[in-house]
Amino acid sequence: MGNHGSKKGNGGKPDKLTKSDLEFLRNNTNFDEAVIREWHAGFHRDCPNGRLSPNKFVEVYKVFFPSGDAQAFCEHVFRTFDQDKSGFIDFKEFLLAINVTSSGTAEQKLKWAFRMYDIDGNGHIDLREMTKIIKAIQEMLGTTHQIPTGSDDASFSSNPGDRAKQIFQKMDKNSDGILEEHEFIEGCLNDKSLMHMLTSTGKG
């Protein structure tokens, strides 16, 4: 969960990396103390009050995708980082997400991706949610790029709604119109093209 303590009563003053925060991050990430402190220094250089706002997050992320419109995708990523739904990302939330997306196992990355696709947080993904995320990724990449499939299979449609339906046909094993977390994870682990497509941020 997020660092609730860092968001209460700081009066806008910079937060320090407490001993308990450091211990928590050492136990829950793959980073050692030196790397954690380095990330912390950079985070507070950009966010002096210890809170990363949605606008700042979009501003930073959009730099990586100059040819497209990353606004919608950034909002979905921000929501996934912001585990306690406070409207801001604190350092612990930030580093936990960075740890998963940069060095997590395939299953950890897929669990994180599932949370992003599960827009309303009800524990499953429906066709509407899948379509929204795919559309956001396409907008972010711009007209000069396509969402990678990770294979030579050209059968996936470029239309977000049609592509979402094709993905559901592959992953929704019980045909109930929703994807549970285990279906999403198993579907991606068993199909590298789906894995590459659904976890792509356009940078890899």
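Guide: Lys56 and Glu59 both belong to helix H3 (residues 54-62), where they stand 3 residues apart, about one turn of the helix. The model shown here is a predicted one.

Visitor: Is Lys56 buried, exposed or partly exposed?

Guide: Buried means under 20% relative accessible area and exposed means over 50%, with partly exposed in between. Lys56 has a relative accessible area of 24%, so it counts as partly exposed.

Visitor: What relative accessibility does Arg26 have?

Guide: Glu33, at 32% relative accessibility, counts as partly exposed, and Arg37, with a relative accessible area of 41%, is partly exposed as well. Arg26 also counts as partly exposed, its relative accessibility being 48%.

Visitor: How many residues in the contact of H1 with H2 are charged?

Guide: The axes of helix H1 (residues 19-28) and H2 come within 10 Å and cross at roughly 115 degrees, and H1 passes H2 in a right-handed crossing. From H1 the contact takes in Leu22, Leu25 and Arg26, and from H2 it takes in Glu33, Ile36 and Arg37. These residues divide into 3 nonpolar, no polar and, as the charged share, 3.

Visitor: Which word describes the way H2 lies relative to H5?

Guide: H2 and helix H5 (residues 91-103) pack with their axes 11 Å apart and at an angle of about 125 degrees. Because angles of 65 to 115 degrees count as roughly perpendicular and those over 145 as roughly antiparallel, the arrangement of H2 relative to H5 is oblique.

Visitor: How many nonpolar residues are there in the contact of H2 with H5?

Guide: H2 passes H5 in a right-handed crossing. In the contact, Ile36, Trp39, His40, Phe43 and His44 of H2 meet Phe91, Phe94, Leu95 and Ile98 of H5. No charged residue and 2 polar ones take part in the contact of H2 with H5, and the nonpolar residues number 7.

Visitor: What percentage of the residues in the protein chain is buried?

Guide: The protein chain holds 10 helices and 2 strands, and from the N terminus on its elements run α-α-α-α-α-α-β-α-α-β-α-α. Among contacts between residues at least 6 apart in sequence, 65% join residues at least 24 apart. Of the 204 residues in the protein chain, the buried share is 46%.

Visitor: Leaving aside neighbours within four places in sequence, which residues is His76 in contact with?

Guide: His76 has its place in helix H4 (residues 71-81), and its relative accessible area of 12% means that it is buried. Beyond its neighbours within four places in sequence, His76 is in contact with Met116, Ile119, Ile133 and Ala136.

Visitor: What distance separates the C-alpha atoms of Tyr61 and Val77?

Guide: Tyr61 is found in helix H3 and, at 13% relative accessibility, counts as buried. Tyr61 and Val77 are 16 residues apart along the chain, and the separation of their C-alpha atoms is 9.8 Å.

Visitor: Near what value is phi of Ser175?

Guide: Ser175 is found in the loop between helix H8 (160-171) and strand E2 (178-180), and at 62% relative accessibility it counts as exposed. Ser175 is a residue other than glycine, yet its phi is positive, near 55 degrees.

Visitor: In which loop is Lys85 found?

Guide: Lys85 has a positive phi of about 55 degrees although it is not a glycine. Its relative accessible area is 55%, and Lys85 is therefore exposed. Lys85 is found in the loop between H4 and H5.

Technical notes. Residues numbered from 1 in each chain as written. Predicted model: local features only at pLDDT ≥ 70, side-chain atom pairs only at ≥ 80, totals over all residues. Heavy atoms only, no water. Buried < 20%, exposed > 50% of the residue type's maximum accessible area, 1.4 Å probe, protein only. Helix = DSSP H or I, 4+ residues; strand = E, 2+ residues; numbered from the N terminus. Axes fitted to C-alpha atoms, helices over the stretch in contact; angles between N-to-C directions. Parallel < 35°, antiparallel > 145°, perpendicular 65-115°, else oblique. Left-handed = near helix turned anticlockwise from the far one by under 90°. Contact = heavy atoms within 4.5 Å. Nonpolar A, V, L, I, M, F, W, Y, C, P; charged D, E, K, R; others polar.
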